[in-house]
Structure formats: structure tokens, C-alpha cells
Amino acid sequence: MNAARGLRSVWRRFPIRGGLSRRILVWFLALSLAPLFVSNAVGYVVSRRILKDQVRRYLNALSEVEARHVASEIERHQLYLSAVAAGNNFLFTTVPLASAAMREGRNRDSTLNALHEHLDRKLAELHPLTELFVADTGELIIAATRHDRIGSSYIPSTERLPTVKEPADVESDPSHHGGADEEAGTHAHALAGNAFHELSSPIVDGDGRRVGTLAATVLFDRLQAFLRMPPHLAGDVHSFIVDERGRPVVISHLHTPIDFSQPLPSPLIEAPVGSVLQYVNYEGVEVLGTAVTVPGYDWRYIAEVSVASAFGELRDLALLAGGLQAIFALVLVAVVWLVAGSIVAPVDQLVTAAERIRGGELGVEVRIERDDEIGHLGRTFNQMSAELQRSAHRIEELHEQEMRRAAQLASVGELASGIAHEIKNPLVGAASGLDLVARRITDDPGAASIVEQVRFQLRRIESAIRDLLSYARPSDPRRARVDPTQLLDRVLQLIRPQAETAGVRLEKVVPAEPVPKLRLDPEQMTQALVNLALNGIQAMRDGGILTLAVRSTGDVARISITDTGPGIAPEEIERIFRPFFTTKHEGTGLGLAISRGIVERHGGRLEVDSTPGQGSTFTLVFELTRTEPARV
Amino acid sequence: MKKRILVVEDNRLVRGSVTATLKDAGYEVWSVETAESALELLLELPVDLIVTDYRLPGMDGVSLLARLQTLGSTSTETTRMVIYSAAQKPVPQPDSSLPETTWIPKSAGHTALLRAIRGILGEWG
């Protein structure tokens, strides 16, 4: 349970998903496993070739040695037999007597018995031999003994030895080699399926005349002892000695099911001596084999080794290598998993985080504790995210402030409007009463002047209240087609008295061609322009020029009012449109706010451009499409 | 014969001072607080001119004029109307068939009012 959870968490930490991970995995495998497989395959092929070569040399060497061994063993027995025959006076004196007795039909038991006993003794010494014969020169068997008959009575035989021949000096007389059977001193036979081997040696008297033949038979089941060829020497190597017709004479593994009367089923019987062939042998096993000649005999020594045993170790090695490769591949995949995970997981994390931010979540952080570029990216990302969050908070804060301010202003507006109405009625009453008083006290100049002052003050209160009301309770524009130049004329007319009082010269700049009419509320727009113009005049305490201009370019109409006053400090530019902002000691500070409100309700905008010390320009900008230009 | 003027004004100070000013000017002046009282009075007392505030408790000045029109009283048919309003601009009149009215802002003062009334009633030029 815990292990499973741990594994899942590891899997989540290093997810192999996405194209990047897969690419890394594929490249890792391609760059590391592919060369490994190729080198292994090449190594296997080369090793196999080398091994095959080794096997061939081994087989050749083994065959050479074994062939010599076999030849020398046969020769040894031959020599031994020759020694027995040549070095024994008993034989060359006894054989003629015995053969004469056999021919004459007389029973010379004593001689034959003595010969028999002698053979028995010799056979006991020469234990690899199965049977020992003595024949006279007429090739008649006159005495014979066998291992299983040692100690039994001798039975003379008139049977002729089938192959007992005059022994040949095989080493020195090559003419015997390719000759007929009777010339050879050593023969292999297969009688009634029972293979045996026969050796013979002449018995000569003191004058060198041949008086008889000493012959011996070796059965195959005793050949191992005879040839002193232990099976373990051969090991997995099956070896055969075949005669000149290819029939097996000697085999290393006795239990091999083989027909001794038939040539050995192997291409090596016909193949050139010393060649190594790969073929399927009589048992259906694929083998590597070689053939060499047996020195001194017209035989071939054939050695076979199964391919399976020859290349078994190589095959084991290949399996081992394959297994190791599989393990290596698994380890590699695991490593790639970790590496790709460590590269891709942070990227994945970043992508997820970025998506969350895009979805509107703020303050998303990634946890990439690394010192490399990815770690750097992560830290930068976090900083960026934090910065974004701060900015968003700041914006939200500002927005809230703005909302609060708007709400405040709205409530201030409500309040102001309420107060204004409360004040207005008594004010009107007071003004009206004052009018009456003024009429009736015309005869008192002092009182009249005070009444006039009170009237002036009341008018100021009234005008302030009017401002407040028009700011707090703006009415919707009642639009009509208005020619901007006519609007300017009206404004100029209205402000002329104040301009003259302040020593300000008024100028009007209008284009020569007619200006498109605008759909405006003439009353409201006049109020806005008069406010701006009076502001300009009031700014020029020491006189100056107030320029009212109309310009129309393309789809935009501009009405501007420029003064040559002290200008507005840059830090105050933002504040001048705020309600109740004033640098004057008179007025409500609502003039600019009211003007801007009027312009904006008409879909235009009020721009200000000021250079301290040179003056200010207020420009009303109307885009004709927005202010519904008159259709002329 | 003195011309008779009816002043309809809810502001006591304005009503009193305007009445006094008009009396000083030699008119016979009646005054009421509401349009409703004015209608009541007009049923029995024909006047030459009505000076009314626009804003009144209940019926306003313009409605009062419309109402007089529908009453069809001969005594009121020729009555001229001066609206003496606190507002700067004339309030839009819904029905253009109403008889002509003169709009005088209160801020213009008694002198302007008196001048207008004299103009309407044709006295002293």
C-alpha cells in the first residue's frame, strides 16, 4: 500500500509524458543501445569465426595426434607380435613339427599341447588380443587359443586362415599399401556383423626361412584397450578410423549405433585430407568434422564434434550478453526516466503554473530547487508571478479607491444638491425681500450701498449654488445643430465685460472655410466655454491675450481657449479637474469639473496643455462621428 | 381703474416683498400660496395678470395656466401670466397651444419683474 503510493508519487514526480520526454527517451536508447547491439552482434559473428577456426585447428591437431597414436599402437602390437614370433626358439622348432603332424594326420599331442600352452601363456601376456593363432606356411591353423578358452584343450584345425598373410614391413615397403588384403599385416574384418581386427607376423627359423605365421585377432569390444584410446581423451569428439573403403575400423564411442559393414555416412570420406566440413552426421546432429590419414595405413582418421558443443559456450555467452543487454536497457530506461523527468518535470510544472495564471489565478509559484538554467527560469517565473500578483493587487486597490472616491463623490453630490435646494429657497426669499427694501430706502444713500453689497453677496451665494447643482445634478444635453463659430461669438459677448475689467484682449481665430456644424446643447456648451474663458481671464491678473479658436481637421473639430497667464505646474495638471480644486480665493472650484463633465457628456474630451510661465490652452475635442455631426 | 394682479407664491418672503413692490407700483394685488387657492380665488375674482412661481406645492405654475384654459371662464380668458421662477431657463412647456407666458428669473430682481409687468399691461410704456 505504502509502496504503491510511493511509486505513484515517484511517477508523478517524473512523468514521462509529452513529446519532449519521448524524444529524450528515443534518443537515449538510439544512442546507447543501438551501438551496443551492433557491437554485440559483430562480436558474436567474429567470435564464432574465431572459435570455428580454433575448433578446426583443435580437430586437426587432435586427429593428427590420434591418428599417429593409433598407427603407433597398431605398430606396437605388431612389433610385439613380431618379437614373440621372432624371438622364440620354441615356436620355430615346434611349428614345423606340429604342422607335419597335422598334415600326416598323426597325433602328436605332446607337441601341439606344448604349442597350445605356449600360446595360452603369450595370450595372457598380450591381454588386448582376443585370439592367438599359429599357422604353418601353408596357412593351415595348427594351434589357436582364445581368452575365453585359456586352459582348455587344444583342438587342431585344418581350417585355413582367411587372411593370414606374410607380414609386411609396413613402414619400409610402401608397395603393400594400396595392394590386396593378403599383403597387409593388419586387417579389419566384419564377419556376420561382428567386426574384428587381425594382426599377423611370420615365424622364421635360424636361416631366415619362414616356417609359419603367428596371428592374432582383436575384437572391437577390446579395441579400446588395444589402442589405449580412453574415451575421455576424445571427450565430445567422436572419432572414427575408416578403412580404404570408408568402413569404420575403429570408433571412439563404442555404443554408437553404426554399421561396420557399410561406409561411414560422412562427406569426409571423399573430402581432401585435412579439410574441415560442417555437416549432419548419421545421428542427425550437425557437426564439424575433419579427416586425416593414419600414417602407414590406407585409413582415415575422422573426428567430429557437434556444433552445439563446439559453439555451446559462445551461445551461452551470447545469451548472457543478451540478458545483460536487457538489464542494461531496463537500467537505461530507468535512468532516462529520471533524467527526462528532471528535465521535463519542471517544464511541465512551469506550463501548468502558466496555464493557471492564464486562467486568472494569482500568486502561483513553482518549486524548482535547482541551480541550473531551469532553476533560474523557475525563480524568474516566481518573481514574475509575484510581480503580477502585486500589480494585480495594486490595480484592484486603485480600482477600489476609485470606486470609493466615486461613491464619496456621488454622496457628496447628493448632499450638495440637497443643501443647495435647502439654501436656494430662503436665498430667493432674501433676495426678493432685499429688492423691496432697496426700493423703499432710496433716500438713504448709506443704507442703499449696504443693501447693494448684500445683494452682491447673495448673488455670489446663488451662483455658487448653481455651480454646485449643475455639477451634482448634471442634466442631459439637449442637442441642436450648432455652428462652432457662432458659439464662440456668443461666449465672447458674454465674457467681454470681465475681459475689459481685467485688461485682457480677446482674439478669435476661425478658418476661412465654413466649419461643420456640431450637434451640441448650446446652453451647456456655452456654460462650459464661459467657465474656461473666465478661468483664463482670472489667471491673467496683469492682463494678456485670450484666444478662442476653432479648427476642423478631417473628422475632428477642436475648440480651444488659450491664455497667456502663468500656466499650470505639471504636478497640478492632474488635479485641476477635480471638483473643489481652486487656486483662487473666490469661486467654488467646480468650473473646470463642470466644463469637463459637459464636454464628456457630449462625447468629446477636454485636453489641457500648459507651459508654466507662458500660458495654458484648453481644447475641446469632438470627433464628428461621435458627436453626431449635422447632416447638411 | 387699478389693474388687478394675483401673486401665487409659496415663499412667504418673496410673496410679501413682490406684493409690496407691486402695490408700491400702484396695482391692486392679491396673493395666495398655492395654485389650488389661486383657482378658487379666480372663480370669483377676475384678474388682469397672474404672477406665479413655477415651483409650487401641489400644482405647478404651468399646470395652473393649463387649468385656467380648460375652465374656459371668460374672466380668465384674457388673463396674462408671468412666471417668476427661481430657475434660470424656461421649463419646457408641454403644450404649445397655451397662451403666451413671460418667463422672468427671480435672480433678475423686482426691477425686471416690474418692467415686464408694465410692458404686458401697457402702462407707462
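The questions and answers below concern a predicted model.

Q: Why is the pair Arg440(A) and Asp24(B) called a salt bridge?
A: Their side chains meet at 2.7 Å, N to O. The rule asks for a side-chain nitrogen of Lys or Arg within 4 Å of a carboxyl oxygen of Asp or Glu. Arg440(A) and Asp24(B) therefore qualify at 2.7 Å. The count between chain A and chain B is one salt bridge.

Q: Which helices of chain A supply at least two residues each to the side that touches chain B?
A: Helix H9 (373–440) and helix H10 (445–472) of chain A do. H9(A) gives the most, with 12 residues.

Q: How many residues are in contact between chain A and chain B, and what makes them count?
A: On chain A there are 15, and on chain B there are 17. They count because contact means heavy atoms within 4.5 Å.

Q: What area is buried between chain A and chain B?
A: About 1400 Å². Carbon and sulfur atoms give 53% of that area. An interface's size is often given as the accessible area lost when the parts come together.

Q: How many residue pairs are in polar contact across the interface of chain A and chain B?
A: The rule finds five, with both residues at pLDDT 80 or more. The distance cut-off for the N or O atoms is 3.5 Å.

Q: What makes Asp53(A) and Arg56(A) a salt bridge?
A: The N to O distance between their side chains is 2.7 Å. The limit is 4 Å, so the pair passes. Over all chains, the structure holds 20 salt bridges.

Q: Why are Asp53(A) and Arg56(A) separated by about one helical turn?
A: Because the two are three residues apart in helix H2 (residues 18–86) of chain A.

Q: What makes Tyr84(B) a lining residue of the second largest cavity?
A: A lining residue has an atom within 4 Å of a cavity point, so Tyr84(B) is listed on that basis. Others in the lining include Val7(B), Val14(B), Val51(B) and Asp53(B).

Q: Which elements of chain B supply at least two residues each to that lining?
A: Strand S1 (4–8), helix H1 (12–24) and strand S3 (49–52). By class, the lining has six nonpolar, one polar and two charged residues.

Key. Residues are numbered from 1 along each chain as its sequence is written. Chains are lettered from A and ligands numbered from 1 in the order in which they are written. This is a predicted model: local features need pLDDT of at least 70, side-chain atom pairs count only at pLDDT 80 or more; totals for chains, interfaces and linings use all residues. Side-chain values use heavy atoms; hydrogens and water are left out. Buried area is the accessible area (1.4 Å probe) that two parts lose on being put together, summed over both. A polar contact is a pair of N or O atoms within 3.5 Å; within protein, one must be able to donate a hydrogen and the other to accept it, and residues adjacent in sequence count only if both atoms are side-chain atoms. Helices (H or I, at least four residues) and strands (E, at least two) are DSSP runs, numbered from the N terminus. On a 1 Å grid over the protein atoms alone, a cavity is a set of points where a 1.4 Å probe fits but cannot get out, and a pocket is an open set with protein on both sides within 12 Å along at least five of seven lines; lining residues have an atom within 4 Å of a point. Ala, Val, Leu, Ile, Met, Phe, Trp, Tyr, Cys and Pro count as nonpolar, Asp, Glu, Lys and Arg as charged, and the others, Gly among them, as polar.
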